[in-house]
Structures are given as structure tokens and as C-alpha cells.
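Please keep the sequence and the model side by side while reading.

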Amino acid sequence: MKIKSARVVVTCPGRNFVTLKIETDTGLTGLGDATLNGRELAVASYLSDHVIPALIGRDAQAIEDIWQYLYRGAYWRRGPVTMTAIAAVDVALWDLKAKQAGLPLYQILGGACRTGVMVYGHANGANIAETIEEARRYQAMGYKAIRLQSGVPGLASTYGVSTDKLFYEPASAILPVENLWSTVKYLPTVPRLFEAAREALGWDVHLLHDVHHRLTPIEAGRLGKELEPYRPFWLEDPTPAENQASFRLIRQHTTTPLAVGEVFNSIWDAKQLIEEQLIDYIRATVVHAGGVTHLRRIATLADLYGVRTGCHGATDLSPVSMGAALHFDLSTPNFGIQEYMRHTAETDAVFPHAYRFEAGDLHPGDAPGHGVSIDEDLAAKFPYRPASLPVNRLEDGSMWNW
Ligand code: EZ4
Ligand code: CO
């Protein structure tokens, strides 16, 4: 089975997605997601200009060799653009291999080792009462795990709170929107939110929170400590993780489980965090961390140290990534939880898929491959629209992490 051609499809059914389609001489096609929020065309160019020409004529079955060729052969290794492009090829090749075998991808990856993939949804609101109201809706839908994000008194906006409730998309204007951030205003709101949530929702539901990189390590230690009485499932991205050793400081102060890594693109970003057991969940994904091939390697390392997976699953990861992630989750022994932000009906129509939600779990389905396809005629009706993620400034005007 040789690669005959490959092309990049850019579409915007409500938000931008970049998809790689690989065609083989047997007539089988494979799909990979190449979406990097706010930097879509950089990956599209990397694929079209540098990767696709090198793929034509190769054996589509040689997944590992092609991965090594694209990684080692890049010379300028790693980075989100390169690793997302490699991921798109890798996921498309796994899709092809499974289709050729006539099996759902999870069977090729070793078979199911659980009955379903526990997911968490995003409850958010302008204030604590509204967030809890939303959380009740998620409980009623059957969710076993819910992320809580509430507006902060005195801040016009904060990460994770949308007017659209079920659908959160932070990328908007051509140039980044500027938000204001205050740690002093934010810090006391989270323990209050969790206290109110436990009172209203009880203890039979997992509760999560995403700090989105906004604290210093010592502030994160304090927040983790204050949340301990409410038993959060995890505290996500408490501080940026460029300096992996800084998580030692957080660990010294709290037993609240930590989840890190949605922006990671390789095993090297997580090596120290995992080996020193500085985190509990690794959030790297099939799309931004080099595909199924590389994510399996990260998960295997994590398993040695009791770290579980908790893959990023925001709406900027296309249904193709969600499908591939679910096959990975179902067949990975140290799977922990999967993030699940629902896509809009428009997006679901462009990407018909076999996965389904049932009683708090997602199931990848049993269609051959990863089970996600693309309606290219429909995709063509939604042309690319430039959009950027916001930036953050502190109240004195200095730049901060968004
Ligand atoms: O802000 O994917 O946990 N989820 C997140 C996401 C990220 C977006 C950025 O593109 O942090 O909502
Ligand atoms: Co996050």
C-alpha cells in the first residue's frame, strides 16, 4: 500500500480546522488532524511545502519509519508546528493501517482494556451560582466528571467562561484580544466555588479546575492546599511548565493532584515531571504531541511512574483528533480521563464520526480506522477565517500568561 497523494483541507465550520488526507494506491484514504489554534496556516504550509512531497511513493504501512524520518529528518526538531504536522501524518497512517485490517484502531493498538472512556465536561458561569447551575446540567446529562470555571469578581473576563455555555472558543479577532488578569482577585474565588459545588453536587462526582498557567509555583501550592478539603480530581496547568523543576515546589505544599501538558509537543517536555513524579496526569495529545506513535511512548514512560493520561480535548482539537484519542484512551492501561468539549452541529456535520457519548463515557465505535471522516463538499462551504487566541496583561499593563 503506497502513498499516492496527500492534501491539506482547511475549513471553518464555526472555527478553523486543518485536516490532512492521505490517499493510497489501493484506494484507501486516511485522515489526520493538523489544527494548531491560531497558527493553522503555519502547519498547513509545513505539511504542503515540506512533508507531503517527501511522502509520495512511501509504504503507508511503515508508520514508525515515517515517524522517525519526519522527526529525525527535520533537523530543526520538535516545536508545536513540526510536531502537529508529524501528528497529522501519523494519525492518518494509523487510520489507514486499521482500515486495511478492517478493524477499529483500538484493536490494532492492543485491544480495549476498559469498557468506556470517562470524560469530563466544562461547567462555567459568570459567577459561582451560575457555574453550579451549569454543573447540575452536566450531572443530568450523565457526566461523572465536571470541570468548574467561574467568573472572577472585578475581572471583565477570565479563561474558560463563555456566554455560549456548551461551546467555548477563545480564539476570536484577527489580532489577539487583550484581557486583564489579577491573581489577587482570582485566588479566593476557587476555594469558594469548590465549597459551594460540594455542598450542591455532593461527593459522587469528580470536580476539576484549570488555572491555565496563571499562578506562580508558590501561589499554586497555596491554591492546591486550600482545595484539598474538596477533593478535586485535579488542578490543571497551575503554572507554566517550561521549568519542570518548579513543580517540586508545588508538590511540597499540596496533595491536590496536578495535570499538566496540553501545550507539550514531545516526551522531552514531560520527562522530568514524570520521572520525579511531580504530576499525576499528563495532558499531551495525539494532535500536538506527534501522533499516536509518540503519545504511546509518553504514556508508557508515565505508566512506570504512576502517572495517568488526561488528554486535552478542547474544541480546537477536531473530531478527527477526538476519534483517534478515544482509540488511544480505550487501549492505554494508564488512561485516567479524557477532556470532552462538545463540537457544534456545524463541525459535527463536516466531520461525520463513529464515536458516541453514553452515561458519562465516550465510546470510539467499531468502524474500521479511527472512525472519523470529512465531508469535503461541505468543508469547502466554510472558508478559513483568521482568528487568534487572546493575550493577558496584569492591571499595571505588563504582559502575563494567557
Ligand atoms: O485554552 O485549547 O483545558 N483546556 C484548555 C483549552 C485551551 C485551548 C487553546 O487553544 O486549556 O481551552
Ligand atoms: Co487547559
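Along the sequence, the residues that donate to the cobalt ion (ligand 2) follow the spacing D-x25-E-x25-E, where donors are N, O and S atoms within 2.8 Å of the metal (3.2 Å for Na, K and Ca), and where a site may look incomplete, water not being among the atoms. Aspartate 210 belongs to strand E7 (residues 206-210) and glutamate 236 to strand E8 (residues 234-236), so this pair ties together parts that are 26 residues apart in sequence; helices (H or I, at least four residues) and strands (E, at least two) are DSSP runs, numbered from the N terminus. The ion is coordinated by Asp210 (OD), Glu236 (OE) and Glu262 (OE), at 1.9 to 2.2 Å.

This is a predicted model, in which local features need pLDDT of at least 70 and side-chain atom pairs count only at pLDDT 80 or more, while totals for chains, interfaces and linings use all residues. Residues are numbered from 1 along each chain as its sequence is written, chains are lettered from A and ligands numbered from 1 in the order in which they are written, and side-chain values use heavy atoms, with hydrogens and water left out.

Another buried residue is leucine 148, with a relative accessible area of 0%, which lies in strand E5 (residues 145-150). Leaving aside residues up to four places away in sequence, leucine 148 touches Ala123, Thr131, Ala135, Leu193, Phe194, Ala197, Leu207, Leu208 and His209, a contact being heavy atoms within 4.5 Å. Between leucine 148 and leucine 207, which are 59 residues apart along the chain, the C-alpha separation is 6.9 Å.

Turning to the whole chain, there are 14 helices and 16 strands, and buried residues make up 57% of the 402 residues. Of the contacts with a separation of 6 or more, 73% join residues 24 or more positions apart. Taken along the principal axes, the C-alpha atoms fill a box of roughly 60 × 45 × 45 Å.

How values were computed:
Buried < 20%, exposed > 50% of the residue type's maximum accessible area, 1.4 Å probe, protein only.
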